[in-house]
Amino acid sequence: MKSICVYCGSNAGQDPAFLAAADRLGQVMALRGIELVYGGGRVGLMGRIADATLAAGGRVIGVIPEFLALKEIAHMELTTLHVVKSMHARKAKMVRLSEGFIAMPGGIGTMEEMFEIWTWAQLGQHRHPVGLLNVNGYYDDLVAFLDRMTGQGFLSPEHRGALVVSDRVTTLLDAFERYKAPPADVRIKTGQT
């Protein structure tokens, strides 16, 4: 795996473990030669993972829309910084640059990005792993809800199983290396049968 897109908060959150996880993920990715692709900001968990990756000798590609770059939150010390026209262009560019996707703790933007890229996998638009770095149980309630969604028949067990969840950086990255996408013949069911 050459590159992973990491979605995470533009804030640091309340738990110091979130910053420590950003440091750890950035360091391990750099040590494994995995390029970080992310939203291009210098603040919050976004800035922290970029700095940690760079400090460990890794490569960091940022993708930021003009309106955010103009607010002076762009990280100007990255390996490469792409400034694009819109949020839609940002997400499309990040997808093209990435071979896997991880959501760290974050807010609604992180959730929107993770759910969209996971949906694209379900629809067969890519075959790359999508995962949650579940720092200190941050995503426990979400994982329980996804399991309920599966139990109620709104999400197939194959697609639920395609979302990799771990509280450990190395375990998550190892699972990404072994990842096999669900078979292409797993269909999305419509209506009642």
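Select Arg160 to begin: at 13% relative accessibility, this residue counts as buried. The model you have open is a predicted one.

**Stop 1: Arg160 and Asp147**

Arg160 belongs to helix H7 (residues 157-161) and Asp147 to helix H6 (residues 140-151), so the bridge ties together parts that are 13 residues apart in sequence. Asp147 is partly exposed, with a relative accessible area of 41%.

**Stop 2: Arg32 and Asp174**

How many salt bridges does a search of the whole structure find? The search finds seven. Another of them joins the side chains of Arg32 and Asp174, at 2.8 Å from N to O. This pair links distant parts of the chain, 142 residues apart: Arg32 is in the loop between helix H1 (16-31) and strand E2 (35-38), while Asp174 is in helix H8 (residues 169-178). Arg32 is partly exposed, at 33% relative accessible area. Asp174 is also partly exposed, at 31%.

**Stop 3: Lys91 and Glu112**

Next, select Glu112 and Lys91, whose side chains meet in a salt bridge of 2.6 Å, N to O. Glu112 is part of helix H5 and Lys91 of helix H4, so the two tie together parts that lie 21 residues apart in sequence. Lys91 has 12%, so it counts as buried.

**Stop 4: helix H5**

Now select the whole of H5, residues 108-122. At 1.5 Å a residue, its 15 residues should span 21 Å, and the C-alpha atoms at its ends are 21 Å apart, which agrees. Colour its buried residues: Thr110, Met111, Glu113, Met114, Ile117 and Trp118. They cover an arc of only 170 degrees around the axis, so they sit on the same side of H5. Just after the helix, stop at Gly124, which takes a positive phi of about 80 degrees.

**Stop 5: helix H4**

Move to H4, residues 87-97. Its buried residues are Arg90, Lys91, Met94 and Val95. Their arc around the axis is only 130 degrees, which puts them on the same side of H4. Turn to the face of H4 away from this buried side, and you find the exposed residues His88 and Arg96. At the N-terminal end, Ser86 caps H4, with a side-chain oxygen 3.4 Å from the backbone nitrogen of His88.

**Stop 6: Ser98**

Follow the chain to Ser98, in the loop between H4 and strand E5 (101-103). With 3% relative accessibility, Ser98 counts as buried. A polar atom of its side chain lies 2.7 Å from the backbone oxygen of Met94. What does Ser98 touch, not counting residues up to four places away in sequence? Select Ser3, Ile4, Cys5, Val37 and His128 to show these contacts.

**Stop 7: Cys5 and Cys8**

Finish at Cys5, one of the residues that Ser98 touches. The structure holds zero disulfides. Cys5 is in none, and the nearest cysteine sulfur, that of Cys8, is 9.1 Å away. A disulfide needs the two sulfur atoms within 2.5 Å. Cys5 counts as buried, at 0% relative accessibility. Cys8 is buried too, with a relative accessible area of 8%.

Note on methods. Residues are numbered from 1 along each chain as its sequence is written. This is a predicted model: local features need pLDDT of at least 70, side-chain atom pairs count only at pLDDT 80 or more; totals for chains, interfaces and linings use all residues. Side-chain values use heavy atoms; hydrogens and water are left out. Helices (H or I, at least four residues) and strands (E, at least two) are DSSP runs, numbered from the N terminus. The expected span of a helix is 1.5 Å times one less than its number of residues. Buried means under 20% relative accessible area, exposed over 50%, partly exposed in between (1.4 Å probe, protein chains only). The arc is that of the directions from the helix axis to the C-beta atoms. A polar contact is a pair of N or O atoms within 3.5 Å; within protein, one must be able to donate a hydrogen and the other to accept it, and residues adjacent in sequence count only if both atoms are side-chain atoms. Contact means heavy atoms within 4.5 Å. A salt bridge is a side-chain nitrogen of Lys or Arg within 4 Å of a carboxyl oxygen of Asp or Glu.
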